[in-house]
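Here are my notes on this model, written up as you asked. Have a look at the structure first, then read on.

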Amino acid sequence: MKKLVSVTLLAFLCTIAFAHEGMEHVVGTVDSVSGNSISVKTTAGENKQVAVDNSTKISRGGVAASLSDVQVGDRIVIHAKSHDGTLHAAEIELGKAKPGKAAK
Amino acid sequence: MSRTLKFWAVVLCLVAVGAVVLLKRAGSGTHEAPGAVETALARRLRSWAMPSDARRRPNPMQSSPELQQEAAHHFADHCASCHGNDGSGNTAMGRRLYPRAPDMRQEATQQLTDGELYFIIHNGVRFTGMPGWGESEPDEDSWKLVLFVRHLPSITADELHDMEKFNPRSPAEIEEEKAEQDFLNGGDAPSAAHHH
């Protein structure tokens, strides 16, 4: 019981301390892909550039993918960390929906 | 009273006065990390207070990929909030504890015996943020965590990625994750982007 209380208390207190600490979530559609950078039109209407490197995990529908699989129009969710004014993608998830279906 | 006894009585008084002066000046806040002397003294005290037979206990568990994965998931769920999945202690909680959550990949932790690591996990450490997790003996979970602590210096990016699924999440984060998945599956856009 004591363990349960401790775990619950820690879980309650520590919502800001997890692996995704400091991550920005970029959600939108792929506007362009250039070199190691993805331009995203966010659902809020902003344009964001996100850098991709070898440590970036890319997946589509839970299956591992690569930067070459990223298509213009893809729905995309990027968990990125800001460093030196640049967003660096730690994790990229691509939508199952076909490119071209506009995000609402 | 012998001269030696007087000498140590004076030293003890000076140390006590110094401690009071330092405490009054710094308060009981945690913004500043403990100094090198305080850290060394605290570690020495922790070591001194540990029963010697506990220090010598061997780990009854044998490392295997399955056991390491189980321990990693356990660590991600119970320990990573303060220690980080990678054991660096570089988390919002770990950076603010007094003393700071240690970087367990470093020598100060790795040089501890298996028995010492087990004792700390099982019993906790007073006057720190480390709780005692063990409830009864035998405590196989804590011995498995000892093996995982040994593995931390060589943990891979894939292992860290796998652990993220087991980190505790707030209801708001779960909701956000669901909204993002809905969006990826063709649903409406999430209401707003978030930072964590």
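1. Some ground rules. This is a predicted model, so local features need pLDDT of at least 70 and side-chain atom pairs count only at pLDDT 80 or more, while totals for chains, interfaces and linings use all residues. Residues are numbered from 1 along each chain as its sequence is written, and chains are lettered from A and ligands numbered from 1 in the order in which they are written.

2. Overall look of chain A. Chain A has one helix and seven strands, in the order α-β-β-β-β-β-β-β along the sequence. Helices here are DSSP runs of H or I with at least four residues, strands are runs of E with at least two, and both are numbered from the N terminus. Of its 104 residues, 34% are buried (20 or more other C-beta atoms within 10 Å of the residue's own; 12 or fewer is exposed, in between is partly exposed, with C-beta atoms placed from the backbone). Among contacts in chain A with a separation of 6 or more, 54% link residues 24 or more positions apart; a contact means C-beta atoms, placed from the backbone, within 7 Å.

3. Pairing around β1(A). Strand β1 (residues 23-34) of chain A runs antiparallel to β6 (residues 75-83) of chain A, with seven bridges between them, and M23(A) sits opposite K81(A). Pairing needs at least two DSSP bridges. β1(A) also pairs with β2 (residues 37-42) of chain A, antiparallel again, over six bridges. There S34(A) faces S37(A), and in the two-residue link of this hairpin G35(A) has a positive phi near 60°.

4. A backbone angle to check in chain A. D84(A), in the loop between β6 and β7 (86-94) of chain A, has a positive phi near 55° without being a glycine.

5. The cores. A nonpolar core is a set of buried Ala, Val, Leu, Ile, Met, Phe, Trp, Tyr and Cys residues joined through C-beta atoms within 7 Å. The largest has 25 residues, and those touching the most other members are F75(B), L117(B), I121(B), L145(B), V146(B), F148(B) and V149(B). At least two residues come from each of α4 (65-78), α5, α7 (114-123) and α8 (140-151) of chain B. A second, separate core of 21 residues includes M23(A), V40(A), V52(A) and A90(A).

6. How do α7(B) and α8(B) cross? Their axes come within 9 Å and cross at roughly 120°; axes are lines fitted to C-alpha atoms over the stretch in contact, with angles from 0 to 180 degrees between N-to-C directions. The two helices are therefore oblique (under 35 degrees is roughly parallel, over 145 roughly antiparallel, 65 to 115 roughly perpendicular, the rest oblique). Residues making the contact include L117(B) and I121(B) of α7(B) and L145(B) and V149(B) of α8(B).

7. Loops of chain B. Two cis peptide bonds deserve a look: Y98(B) to P99(B), with omega near 0°, and E137(B) to P138(B), with omega about -5°. P99(B) is in the loop between α5 and α6, and P138(B) in the one between α7 and α8. F127(B) is also in the loop between α7 and α8; F127(B) is not a glycine, yet its phi is positive at about 60°.

Methods. Two residues are in contact if their C-beta atoms, placed from the backbone, lie within 7 Å.
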